[in-house]
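Welcome, and please open your viewer. Keep the selection tool at hand, and we will go from stop to stop together.

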Amino acid sequence: MATVKETRVDFPVTGMHCAACVGKVERALQGVPGVDRAAVNLATERATVWLDPERAGLPALRTAVASAGYAVPEDITATPEAADRERAERAQEDRRLRRRLLVGVALSVPVLLGSMPAIFPWAPEVLRNPWVLLALTTPVQIWVGWPFHAAFIKELRHRSASMNTLVSIGTGAAYFFSLAVTLWPHRFMATGAMPYYEASALLITFLVLGRWLEARARGGASNAIRRLVALRPRTARVLREGGEVDVPIASVVVGDRLRVRPGERVAVDGIVEEGGSSVDESMLTGESLPVEKGPGAAVVGASVNRTGSFSFRATRVGADTVLARIIRLVEEAQGSKAPIQRLADRVAAVFVPIVLGIAALTFVVWWLFGPEPAVFHALAGAVGVLVIACPCAMGLATPTAIMVATGRGAELGVLIRSAEALEVLHRAAVVVLDKTGTLTVGHPAATGVVPLSESPGAADELLALAAAAEQGSEHPLGEAIVAEAKARGLALPPVGEFQAVPGQGVDALAPDGRILVGNRRFIESRGIELGPLAARAEALAVAGKGTVFVAFGGEALGLIAVADALKPTAREAVAALAARGLEVVMLTGDSRVVAEAIAREAGISRVLAEVLPEGKSAEIKRLREGGRVVVMVGDGINDAPALAQADVGIAMGSGTDVAIEAADVTLMRGDLRGVVTAIDLSRQTIRVIRQNLAWAFGYNLVLVPVAAGVLYPVAGIVLSPLLAGAAMALSSVSVVLNSLRLRRFRA
């Protein structure tokens, strides 16, 4: 029997706000006949479904999502127009939330001042008028808080509950009870009831602030993909019978011959046929040194040709190129991420029905057995339960700590893009470090001058001659030699007849003779014996350093060692990570010899070397086996898939925009000690959040029964709505003050 091939379908989903939303959509999609599995990503607001195309299709998926209370846009085609439309919708949502937030702040502050005259005795008398408070609170309750109320109505239809349910019921109870007190003050006077509009207004305003910040963090999730796509050249220079023709990149097919001039990007993957050059592949491989290319060498699309001109034959085009595969890996890795389901949302599913039941029971018991006027005592008791259970402290527990922590992190040069990243970092078990640009400075530098002569000044003379010859070169090694000479303040002799030999070296004429600077093959091709320099070069290679030979007047003068040096603080950072019980791993595409040399210098024992860009993501997957939380630190485009695949991706601020966009955390100072700071800040933040949640839940567990009246028969104690509001405010203030301790965090 023929096997039906499984199809993957990706599409956006609108209306999701929390981890509970993700779970509902996933369950709805997995319930469609023919669907094998479904994954929903809150950060990208997209769903990925694997299905049997003969049994399920997009209409059925759209219906399932709608039945869960969410929506799939009519046009899901991945086109530039669709991407622009998605960005416009995100921007519009951002503006809507910002407007609600500004209105909420403008109206809630006067409500707070007028509701607490004992704390704010200087507030204008007019703000203490309950009718003024009603007028100020009503827009906040209805318009600013509408997203929560709408979500509550939706959840009611689907028989589910979340924080939205608690927010809507709690603020609604506070608002409508305050409205009743305002309308019939004398009837409620016997129960000691007073309006407390601030409970409704302040809670809604703060939660809108949290939702706005979360929406802004999610909004940049797709930028990494767009920046990767931007690297693709738009046109290619194809060799035809009539000469060179510029054609759209989509027109290139396997087997076409293409020409690349200096400074241009290589259009597609291929094999060099004629010519040679030095090609900068750092945007894809992460390596700072350009790669010499000659006939038979492979070239990668989107890499930059530095010096010579060459022609090559296309071997991979379109979706098969290395860049296209990296883009696909980033998309898949981002799609596989699931946001952490917050503890408050999980508790809400059980907490809400219990609170509603207790409030209803309280009303009935007080109405049947309470003192007169029984109905008002019953109403006051029921509302007291709802107010005391209103999730102010619960709602503030996580976002206040997250806000303070991310603000403090920014002050310390650690930009944390999401609450999820901050929550996950504290469980880190493995930290994976890229080499080039992360552990090292990211560009070659002259690390030593080795002259054959032992006479004084021989090293400076050798360096000056090499720098004089390299002044006209654009090669990074030449630039490193010139920079070292300038740093030493050396006077360079004049040169002429400069000639660069792609992939080998430079030849320049000085007044006293000809200067040759280049690799071993270049020097020996001119009939010059290197002698003991060859052995010294091999020793330097074992130490992970490159060598440039220098000859003058037909004789070898010496060599210059060049390497990508370790960052000054790298060893300190590695030691600090190890001291915190973390396993530190180096992951690089560079050769094993170079990688192990840098690892020894940095104090790293485990090295994964010679890993291709598409292989880095697979290595991260392997490290995550067994449930270990893996943090990836990198700075290049080749690191983007691994950054997205890791539990938390950390990008160096000195790296590429793509790496920064794909990461969850950015170190603005390019200092690896920022990784230690991020992990320490996460651990401290989680401690504060746990304390906050313990207080919030404990407060509800203790005071809800008191508000219900369990102490009245034995002690005559009744928790009036006024005291309930005060207790709720005290709980919230305690949580906020505890979170503010994070402002004193020190790296």
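Predicted model: local features only at pLDDT ≥ 70, side-chain atom pairs only at ≥ 80, totals over all residues.

Residues are numbered from 1 along each chain as its sequence is written, and side-chain values use heavy atoms, with hydrogens and water left out.

**Stop one: a helix pair**

Select residues 458-470, which form helix 17, and residues 476-487, which form helix 18. Helices here are DSSP runs (H or I, at least four residues) and strands likewise (E, at least two), numbered from the N terminus. The two axes come within 8 Å and cross at roughly 130°; axes are lines fitted to C-alpha atoms, for helices over the stretch in contact, and angles run from 0 to 180 degrees between N-to-C directions. Helix 17 and helix 18 are therefore oblique to each other, a word for whatever is left once angles under 35 degrees (roughly parallel), over 145 (roughly antiparallel) and 65 to 115 (roughly perpendicular) are set aside.

Now show the side chains. On helix 17, the contact (heavy atoms within 4.5 Å) is made by Leu-463, Ala-466, Ala-467 and Glu-470. Helix 18 brings Gly-478, Ile-481, Val-482, Glu-484 and Ala-485.

**Stop two: Ser-108**

Next, go to Ser-108 in helix 3 (residues 80-115). Is this residue buried or exposed? Ser-108 has a relative accessible area of 3%, so it is buried; the cut-offs are under 20% for buried, over 50% for exposed, and partly exposed in between (1.4 Å probe, protein chains only). Not counting residues up to four places away in sequence, Ser-108 touches Val-140, Ala-201, Leu-202 and Thr-205. Draw a distance from its side chain to that of Thr-205: a polar contact of 2.7 Å joins them. Such a contact is a pair of N or O atoms within 3.5 Å; within protein, one must be able to donate a hydrogen and the other to accept it, and residues adjacent in sequence count only if both atoms are side-chain atoms.

**Stop three: Asp-434**

Select Asp-434 in strand 14 (residues 428-434), buried at a relative accessible area of 2%. Beyond four places in sequence, its contacts include Leu-439, Thr-588, Lys-616 and Asp-635. Lys-616 is 182 residues away in sequence, yet 9.8 Å away in space, C-alpha to C-alpha.

**Stop four: Gly-442**

Finish at Gly-442, in the loop between helix 16 (435-439) and strand 15 (445-451). Gly-442 is partly exposed, at 24% relative accessibility.
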